[in-house]
Amino acid sequence: MKNRIACLVFTIVGFASAASAQPVKYNWGNPADLNWNYTSYNWSGSKWQDGNTAVFGGSGGAIKVTDEIKLSVRQRTPVADNGGLQVNGGTWIFTGTTIGFTGADDNMITLNSATNLTIFNFLQGTNNSMHFNVNSGVLNLYGGATAGVQQTSGRSNAQMWFNSNGTVNLISGVYRSDFTSIGSTLNINNAQFYARSYTITRNVTMDDFNAVMSQFDSTGINSNKIGQSNDGFTFTLQRGFADWSAGATIMYGNNATTNISNQAKLLVTGGTMRLSGTGVVLGWAELAGARGNASFEIRGGLVETTGVTFGMAKDASASFDSSTGARMVVSGGTLNIGANGINKGSTAMARNTIELNDGVIGATADWSSNMDMTIYNNATFTPNDKQITMHGTLSGVGGLQVMGGGVMMLASLNTYQGGTYVFNAATLTVDTTGGLTFYLGNDGISNRLGGYDGTANLNGSIVINLDNAANTGEWLLIDDSNLTLSYGDDFTVSGWNQVDGNTWTYNDYTFSNLGGKGVVTAIPEPSAWLLLAVGIGLVVAFKSRWRRHRI
C-alpha cells in the first residue's frame with residue numbers, strides 16, 4: 001500500500017434493528033508512524049476494523065489518513081459508542097486528501113476533556129446528518145473546495161447538530177443541511193453555511209469578509225430561531241453576509257418558568273444581513289405566560305428586513321408573562337424596512353422600547369409604524385422615494401433628519417427636543433393629526449425646523465414650550481431660507497390665541513409665520529405694579545402743583 005495522503009471517509013451504514021450488535025471501542029495506541037489504516041496495528045488490543053468506535057486520547061498528535069476508514073453506526077439516534085469518533089483530551093490534527101462523513105444516516109464526532117481537534121479537508125456526504133457533540137474544547141473544520149453537506153433537496157434527515165458547551169470554528173469550506181441546531185458556540189470565518197432553517201441556542205459570531213450564512217427554500221415563520229426562552233445568547237454579525245429568507249424570531253418563548261433576565265439578541269456591527277419573510281419577530285409565545293427577553297441591535301453594517309414586529313403568539317391561548325420585554329436599538333449602520341413596517345404584533349409584550357442613537361432607518365417599500373421611539377442623539381430617516389408614516393410619538397433629547405427623496409409623514413404629536421432638518425429632495429409632512437414641539441430658552445435659543453433642498457408641509461400643529469423661555473427676545477423656529485415650505489389650512493399653534501391667518505399670541509409672546517418664517521417674539525407689557533407706581537407719581541405731582549397754586 002502506498003504511503004500517501006488519501007481520504008478519511010467516515011461512512012455510516014444505518015441499521016434500524018435494535019438487535020444489531022453494538023460497535024466495539026478501539027483506542028488509538030499512539031504509535032510512532034501516526035498512520036490510521038487497515039493494516040497497521042496502531043490500535044490497542046488489535047487492529048481497528050470497520051464499524052467500530054474510534055477513540056483518541058492522551059496528549060494528541062497529527063494523524064495521517066492513508067486509507068479509507070469506515071465507521072458504521074448501528075442506531076439511527078446517536079449514542080455513545082455507536083461507531084462514531086470520540087476524542088478525549090489532547091490536541092489532534094487530522095490531515096488527508098478528504099476527511100469526512102459520507103454515510104446515509106447519523107454521524108457523530110464527540111469531544112471531551114478540553115480536546116482541541118482540527119480536521120483539514122472536511123467533507124460530509126450526501127443525505128446524512130452530522131452531530132458535533134463538543135462537550136468541552138474546540139473543533140476546527142477546514143473544508144475543501146467542495147466541502148460540506150451535499151444533501152439532496154427535500155431530504156429531512158440531512159441535518160447538522162452542534163451540541164453541548166464547547167466551541168466549533170468553521171474556518172473554511174461549504175456546509176449545507178436541511179436543518180441546523182446550534183447548541184455550541186459557533187464561529188463562522190471564511191466559510192459558507194447554508195440551511196433550510198436555523199435554531200440558535202448558543203453564541204454565534206460571523207467575523208470574516210467572506211463569511212456567508214444563508215437560508216434556502218424556506219419562508220415559514222419561526223424557521224430561524226435565535227434563543228429559546230431559557231437561553232441568553234447572541235447572534236453577532238461583525239463581517240460577512242447573512243441572508244435568511246424566513247426572517248428571524250428572537251426569543252422563542254416555550255417556557256413559563258425560566259429566569260427573565262435571560263436575553264436572546266441579534267447584534268449587527270458590520271457586514272450585510274437580509275431578513276425576508278416575516279422579517280424580525282421580537283418575541284414569540286408558544287404557551288400562556290411565556291418568559292424571556294428579545295433584543296435587536298444595529299451598531300454598524302447594513303440590515304434589510306421586511307419589518308420588525310414586537311410580540312406574536314402561536315394562537316389565542318398563548319401569551320407573554322408580565323415581565324417580558326423587547327428592545328430595538330439603532331446606534332449606527334443602516335436599517336432598511338419593508339412593507340411590514342415597525343409595529344406591535346398580535347400579542348403584546350409588557351415592555352417594548354425603540355432607541356434611536358445615530359444610524360439610518362430607510363425604506364425598501366412604503367411602511368408605517370405604530371410604535372413610540374426615543375431619540376437620544378440624531379435619528380436619520382431616508383425614505384428612498386417611498387413613504388414612511390409614523391403614528392407613534394418621537395420623543396427624547398435628540399433631533400430628526402430626513403433625507404434622500406420620498407416622504408416622511410408625522411401623524412402624531414412629537415416631543416423630541418432636538419432640531420428637525422430636511423435635506424436632499426426629501427419631504428417632511430406633518431399630518432393634520434401630527435405636530436412638532438419647539439422649546440424656547442434664552443433670547444434666540446431654541447430647536448428649529450430647517451434644511452437644504454428639501455420640502456416641509458405643516459398641516460398639523462406646533463407646540464411652543466415656554467418653561468425655560470426668557471421674558472424678552474426673538475426666536476426663529478421655522479427657517480425657510482433653503483427649504484420649500486407650506487402651511488396647510490389646519491395649521492395652528494396649540495393652546496395659543498389665533499389673531500389672524502398668520503399670527504398667534506400667548507400672554508407676552510407672539511408667533512408669526514407671515515412671509516414663511518415662523519418667528520416668536522416676546523415684548524412684555526408694563527406690569528401692574530409699574531402702572532400703579534406711575535399712577536401714584538402722577539397723583540403726587542398734581543397735588544404739589546395744586547398747593548403751590550393756592551399759595
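Colleague: What share of the contacts with a separation of 6 or more comes from residues 24 or more positions apart?

Modeller: That share is 63% in this chain, with contact meaning heavy atoms within 4.5 Å. Bear in mind that this is a predicted model, where local features need pLDDT of at least 70, side-chain atom pairs count only at pLDDT 80 or more, and totals for chains, interfaces and linings use all residues. Residues are numbered from 1 along each chain as its sequence is written, and side-chain values use heavy atoms, leaving out hydrogens and water.

Colleague: How many helices and strands does the chain have?

Modeller: One helix and 48 strands, taken as DSSP runs (H or I, at least four residues, for helices; E, at least two, for strands) and numbered from the N terminus.

Colleague: Which residues touch the most other members of the largest nonpolar core?

Modeller: F193, F235, W244, F296, F381 and F511, out of 115 residues. Such a core is a set of buried (under 20% relative accessible area, 1.4 Å probe, protein chains only) Ala, Val, Leu, Ile, Met, Phe, Trp, Tyr and Cys residues joined through side-chain atoms within 4.5 Å. Strand 15 (residues 185-200) gives the most to this core, seven residues.

Colleague: And what does F235 touch?

Modeller: Leaving aside residues up to four places away in sequence, its contacts include W244, K265 and M273.

Note on methods
Buried < 20%, exposed > 50% of the residue type's maximum accessible area, 1.4 Å probe, protein only.
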